[in-house]
Amino acid sequence: MTLIVENLGYRAPGGPRLLDGVSLTVAEGETVGVVGPNGSGKTTLLRCVYGALTPAEGRVLLNGTDLAGLGAKARSRHIATVPQDGQAGFDLTVRQIVAMGRSPHKRFWEGDTERDDELVRGALGRVGAERLADRSFAALSGGERQRALVARALVQQSTVLILDEPTNHLDIRYQLEILSLVSGLGTTNLLALHDLNLAAYYCDRLYVLRDGRPAASGTPKEVLTSEMLAEVYGVTAEVAVHPATGAPTVTYLPASR
């Protein structure tokens with residue numbers, strides 16, 4: 001499915017305008033990254049897309065259907081999300097948290113089936129979290145919790161994945177494994193990322209936000225330039241094509257003393 005965001009705007013209740021005129025497209029099977037400095041609006045944008053926030057202007061379309069007209073459960077059948085810092089309100093096991101990904105496909109009173117159990121086991125295996133299945137989700141480290149939330153999104157079997165800093169708290173091995181897994185699923189993926197080198201390698205295209213407004217968009221090679229990094233991030237950096245990956249690689253230079 002193709003995800004289209006048209007001229008999205010959002011203002012915090014009683015507060016400042018956090019998004020202004022943001023548009024983007026994620027084609028079917030594409031992995032698109034949203035990057036930008038802290039406070040640029042990345043998380044706000046994703047929350048508007050998956051329905052946690054209601055935008056003041058604009059709309060979000062999935063294969064031409066305005067998602068504002070769908071209820072939460074119907075929307076969740078199409079879009080799975082991995083929030084930046086997921087918390088559980090109850091003392092549930094990891095297995096129970098992951099199994100919650102099946103709820104959009106069930107009636108309120110339906111229990112888990114053998115097929116649900118298979119999907120949960122498979123998803124935990126894919127993110128390297130089988131050994132965590134019976135542990136309390138609340139007792140996990142940040143990285144372990146993040147892997148469990150990715151597993152929950154996989155169990156949801158949605159065609160669109162929206163992930164807000166999916167590598168948050170993960171060590172480098174699991175950062176690479178999770179992004180490799182997500183980019184290879186064949187789903188339509190929208191990710192917010194801080195690490196520009198990971199974004200360059202795993203994303204087909206990038207959108208840059210600055211102060212809630214679009215600053216640049218295109219392929220990683222088109223977007224990640226020394227000029228953009230100086231203008232948007234306020235840093236001096238060199239950008240070169242890595243000989244092994246063919247992707248642009250950013251090297252940050254220390255500020256002059």
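Q: What makes strand E3 and E9 a pair?
A: Four bridges join strand E3 (residues 31–35) to E9, and the two run parallel. Two strands pair if DSSP finds at least two bridges between them, so four bridges meet the cut-off for E3 and E9. In this pairing, Gly33 stands opposite Leu206 in E9. Strands (E, at least two residues) and helices (H or I, at least four) are DSSP runs, numbered from the N terminus.

Q: What kind of model is this, and how are its residues numbered?
A: This is a predicted model, in which local features need pLDDT of at least 70, side-chain atom pairs count only at pLDDT 80 or more, and totals for chains, interfaces and linings use all residues. Numbering starts from 1 along each chain as its sequence is written, and side-chain values use heavy atoms, with hydrogens and water left out.

Q: Why is strand E9 called largely enclosed?
A: Five of the six residues of E9 (residues 205–210) are buried, so the rest of the structure largely encloses this strand. Buried means under 20% relative accessible area, exposed means over 50%, and partly exposed lies in between (1.4 Å probe, protein chains only).

Q: How do you know that E9 pairs with strand E10?
A: Five bridges join E9 to E10 (residues 213–218), and these strands run antiparallel. Leu206 has Gly218 as its bridge partner in E10. The hairpin of E9 and E10 has two residues between the strands, and Asp211 takes a positive phi near 55° there.

Q: Why are strand E6 and E10 said to stand at the edges of their sheet?
A: The sheet is open and has six strands in the order E6-E7-E8-E3-E9-E10, with mixed pairing. Strand E6 (79–82) and E10 each have a single partner strand, so one side of each is left without a neighbour in the sheet. On average, neighbouring strands of this sheet are turned by 15° against each other, direction ignored.

Q: What joins E6 to E7, and which helix touches both?
A: E6 and E7 pair in the parallel sense over four bridges, and Ala80 stands opposite Leu161 in E7. H5 packs on the sheet, touching E6 and E7, and its direction makes about 175° with that of E6. Such angles run from 0 to 180 degrees between N-to-C directions, with axes fitted to C-alpha atoms, for helices over the stretch in contact.

Q: Which strands stand at the edges of the four-stranded sheet, and why?
A: This open sheet has the order E2-E1-E4-E5, and its pairing is antiparallel. Strand E2 (17–26) and strand E5 (65–66) each have a single partner strand, so one side of each lacks a neighbour in the sheet. E2 is joined to strand E1 (residues 3–11) by six bridges.

Q: Why is Leu8 called buried?
A: Its relative accessible area is 0%, which is under the 20% limit, so Leu8 counts as buried. Leu8 lies in strand E1. Its contacts (heavy atoms within 4.5 Å) include Leu19, Val22, Leu45 and Val60, not counting residues up to four places away in sequence.

Q: Why is Asn7 neither buried nor exposed?
A: Asn7 has a relative accessible area of 47%, so it falls between 20% and 50% and is partly exposed. Asn7 lies in strand E1, and its phi is near 50°, a positive value in a residue other than glycine.

Q: What makes a set of residues a nonpolar core, and how many residues has the largest?
A: The members are buried Ala, Val, Leu, Ile, Met, Phe, Trp, Tyr and Cys residues joined through side-chain atoms within 4.5 Å. The largest such core has 49 residues, and Leu124 and Leu206 are among those with the most contacts inside it. H5 gives the most to this core, with seven residues. A second, separate core of 26 residues includes Leu3, Tyr50, Leu190 and Leu209.
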